[in-house]
Structures are given as C-alpha cells and as structure tokens.
Amino acid sequence: MDSTITIPEVTENQLPEGPSTEDREHAMTGPERKALVERAKTLLSEQDAVLVAHYYTSGDLQDLAEETGGHVADSLEMARFGHGHPASTLVVAGVRFMGETAKILNPEKRVLMPTLEAECSLDLGCPADQFTEFCDAHPDHTVVVYANTSAAVKARADWVVTSSIAVDVVRHLVERGEKVLFGPDKHLGHYIERVTGAELLLWPGSCVVHDRFKAQELQALMAEQPGAKVLVHPESPQPVIELADVVGSTTQLIQAVQDLDADTFIVATDRGIFHKMQEVAPGKTFLEAPSAGAGATCRSCAHCPWMAMNGISNLVTTLEQGANEIFVDPETGRQAWKPLKRMLDFNEARKQRIHAGT
Ligand code: SF4
C-alpha cells in the first residue's frame, strides 16, 4: 500500500442522523405499509418502471422488487439485470454509485433512486482527482476499481469489479503479466493479494460497516456457538476474514447458507442480507457478527446507514414527482462504460466456462 496517500476519512459524525426511512417505515401500522406497497406497485406499472434493490435494503423493498418483476441482487447482478431489462425506467434502491452504474450502462433509460443522498464511504474516500493523480503516478499498472466508486473514478479505470468477481479478474490480469493498482477497498485488496499471491498497489479506503467487525468478539461468539459456521464479506478486516468458514460476496454468502450443513450462521456483513437468507434457508438461525465490542453505539454497526435511507415511501414520492433522477456526464459515462462492459463480458465468459466444465 502507498503510505503517502491521505484520503478523506468518513467518521460516525458524518453518517446520516436520526431515524432512517427504514426505521420510520418499520414503525408504521400494517395497513399503512400495505397502502404504500400498493401505491408503489401501481406507479411502477403505470410508469413502465422496474425496481432493482440491493440485498442490504429493507425487506419490504426487496419483496416489492420481486413481486413486481424486478430483482434483488448484489451490485454485479444489479448492473447486469438493469442492462438487460426492457423497462424504460429503472428504479435503483441502494446507494448512489449503483444508480450511476445503471445510468452508465443504460444511458437511454431514465434512472431514478428513492434518495440521492445515500452515499458510500468507499466512494467518499476515493475522490476522482486524487485517484487520478495516484494512477498517473503509476502508468505501468492496470487500474482495477471496485464498483463502489463514482462514475469519474470508473472512467479512469481499465476494469471495474465487484466482490464476486474481483479475485478472478485480478488473477486473470496477473497471469497475463500485468501489474495491478486496486482501489478503493484496502481489505478487499489485501484479501485478493492473499488468494492470488499477487502484490497489488492499493488505495487505502474502507467500508464503515465492514471495517467495524471485530475478531476478538467474534471468537467469543464462536465459542458460545460451537456449531455455527462463520460467513464473512471480504470488505472486513483480515483478522475477521481469517476466522471465516466462507469468504464471499453477498450472493456467495447467500448460496453458502443453502449449501452448508449447519443450522446456525454468524454473518459478517450488513444484516439486510438476513431477509434473503431467511427466505432461502428457512428454519436456520442467523447471528450478526460483533461489530464494535460490547455496548457499541456506532450508527454503522452491521447495517449501512445510507442503505437504510431507502424506503417505499420515498420510492413512491420519487415516482410521483419524477424526482431523484440520476444524470452522468455523457463523456464520463462513455469512458466508464468500457471497464464496466469489460467486467460484464468477463463474467459472461466465466459463466460459460463453468457451464462447459473447463
Ligand atoms: S455497506 Fe459499506 S460498501 Fe456497502 S454501501 Fe454501505 S458504506 Fe458502501
């Protein structure tokens, strides 16, 4: 890692304050929530819109997406689904870079989000001007960026990756003899280094949610739950990853709860994922990995405060008013499209190789 880089630090004080949209909707009565859901269904249909929601959003949003022909997914699948869908409007429930990615891949479509204020600490910690300077200082490196970045950072990259494909892409590049600069998540970068054996030039960013998982407290919980399997997202710190039975993207962790012969899972990622885990593995028990020690008061303990800004109420307002539309500068979008398309093509070829058994 280049120790000379100083990045904007995202502290607890900069996170959204007060009850989130998600909290407010949980406090509603059953009939109130049902009325909102019905209104959202009508608006989606009237406006030829399809909802794509991330696994970290509320259960109500995930259910709405699936009940209306939309999709619930990780960021790679969100990008792929939106790209292939015929609806003229995409509604993206997640954080801003996800809406931007949808717009870059679908410049002809209207892309709306329930809120435009949902940030991501990885994106905030990787300003395009500083990142460009870093890349320019290392012109012999192939630039690989995580999807959790702005359109301008993607536009500077050779490849975009998500956590489900990052290891395979970097391994592919290293096998071709390329040196790789990876950003912005340092924990994911170190994980890729350990798995591939490659040395990467890393940007020192981190996710405010995953960075808080604590190995010592996790070991204590494992001792209390000796039969539990430990599932960890690779944005978590290395000591936490080292305790994992499975390290993987959200989709890979959801697959693991179906495949593994265990009744209890300790999960080190955003607890929004429990909604899908409970659906695919009913009867199993899911426990949050400890995030900041006993009595922690962090606003980002195991749940992304920006993801929680999404709800059905602001989705309805967005559709009623045609508000919160995502715009990406066309030239930036054209440049960012290339590394994104490279990822989608690589993923397609990888799936075909797996299918063919090679
Ligand atoms: S969970 Fe972390 S990586 Fe995901 S959107 Fe929130 S801050 Fe970003």
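Predicted model: local features only at pLDDT ≥ 70, side-chain atom pairs only at ≥ 80, totals over all residues.
Hi everyone! Residues are numbered from 1 along each chain as its sequence is written.

That assignment gives domain 1 as 18-118 + 307-327, domain 2 as 122-208 + 332-356, and domain 3 as 210-288. How many residues of domain 1 are in contact with domain 3? There are 9, facing 8 residues of domain 3; contact means C-beta atoms, placed from the backbone, within 7 Å.

Now zoom in on strand β3, residues 89-93. Helices (H or I, at least four residues) and strands (E, at least two) are DSSP runs, numbered from the N terminus. In β3, 4 of the 5 residues are buried, so the strand is largely enclosed by the rest of the structure. Buried means 20 or more other C-beta atoms within 10 Å of a residue's own, again placed from the backbone.

Who are its partners? Strand β1 (residues 49-54) runs parallel to β3, joined by 5 bridges, and V50 stands opposite L90. Strand β4 (residues 110-112) also pairs with β3 in the parallel sense, over 3 bridges; pairing takes at least two bridges found by DSSP. Here V91 stands opposite L112.

Finally, leaving aside neighbours within four places in sequence, V91 is in contact with A49, V50, L51, L112 and L315.

Notes
Domains from an automatic or database assignment. Contact = placed C-beta atoms within 7 Å. Buried ≥ 20, exposed ≤ 12 C-beta atoms within 10 Å, placed from the backbone.
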